[in-house]
Amino acid sequence: MSATVSKATRYTLLIACLLFCVGCDQYTKKIAVEKLKDEQPITYFNNTLRMEYAENTGAFLSVGSRLSKPVRFFLLVIANAAFLIIVSGMLIFRWQMPLVQFIALSLLLAGGIGNLIDRVFLNGIVIDFLNIGVGPLRTGIFNVADMAITGGALLMLVSWFFTKDQMEKGNHVELSPAEQATPSTTE
């Protein structure tokens, strides 16, 4: 499958993913600051979708938000930037990977860039504003970049299982009934 999609097409896909995801992420965060900050949450569909402003100093679900500011800066800005450079290198130099993995890494890169922009320009915080759930079962508050990261991670997981199955099938050699019945001899 990887050979059927040209390098130019993949790079076009990558650029489109980056522009769309990062653009939507930054635009929706701008709207969240303008419309939701210092306001009560807005709910839709019987409180299934809730829009409420939050400033997240930690990572996913505020993990690490209680760490000292220098440690958070190192982990959430420096280490994240290094990870995004590695992902960029993989997309540029290993572009012939399976298309599903290429798309998954593109989504991870786009989401990571969206949140990194916030951390760099908003003194270490990320703007979150979406929350979904039914009754007491709710997600944490997240943003468009988090959706891209989650989608990329899930797509990579699915791709990993698919690739693993293909490799197992490729490594398993079936013998014909004649080959099974005939003992091999070496002289």
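The backbone oxygen of Ser-65 sits 3.3 Å from a polar atom of the Arg-72 side chain.

Arg-72 belongs to helix 2, residues 69-93. Arg-72 is buried but has no salt bridge, and Glu-55, the nearest side chain of opposite charge, is 11 Å away. Here buried means under 20% relative accessible area, exposed means over 50%, and partly exposed is in between (1.4 Å probe, protein chains only). A salt bridge needs a side-chain nitrogen of Lys or Arg within 4 Å of a carboxyl oxygen of Asp or Glu. As for charge, Lys and Arg count as positive, Asp and Glu as negative, while His and the chain ends are not counted. Setting aside neighbours within four places in sequence, Arg-72 is in contact (heavy atoms within 4.5 Å) with Thr-57, Gly-64, Ser-65, Leu-67 and Val-77.

## About the model

This is a predicted model, where local features need pLDDT of at least 70 and side-chain atom pairs count only at pLDDT 80 or more, though totals for chains, interfaces and linings use all residues. Residues are numbered from 1 along each chain as its sequence is written, and side-chain values use heavy atoms, with hydrogens and water left out.

## The chain as a whole

You'll find five helices and four strands, in the order α-β-β-α-α-β-β-α-α. Both are DSSP runs numbered from the N terminus (helices H or I, at least four residues; strands E, at least two). Of the 187 residues, 31% are buried.

Back in helix 2 there's also Ile-78, which is partly exposed at 41% relative accessible area. Ile-78 and Leu-116 are 38 residues apart in sequence, with 9.6 Å from C-alpha to C-alpha.

## Rings

There's one aromatic pair in the structure. Trp-160 and Phe-161 make up that pair, edge-to-face, at 4.9 Å centre to centre and 65° between the planes. Rings of Phe, Tyr and Trp (its six-membered ring) pair if their centres lie within 6.5 Å; planes under 30 degrees apart are stacked, over 60 edge-to-face, and the rest tilted. Trp-160 is partly exposed at 46%, and Phe-161 is partly exposed at 42%.

Notes:
A polar contact is a pair of N or O atoms within 3.5 Å; within protein, one must be able to donate a hydrogen and the other to accept it, and residues adjacent in sequence count only if both atoms are side-chain atoms.
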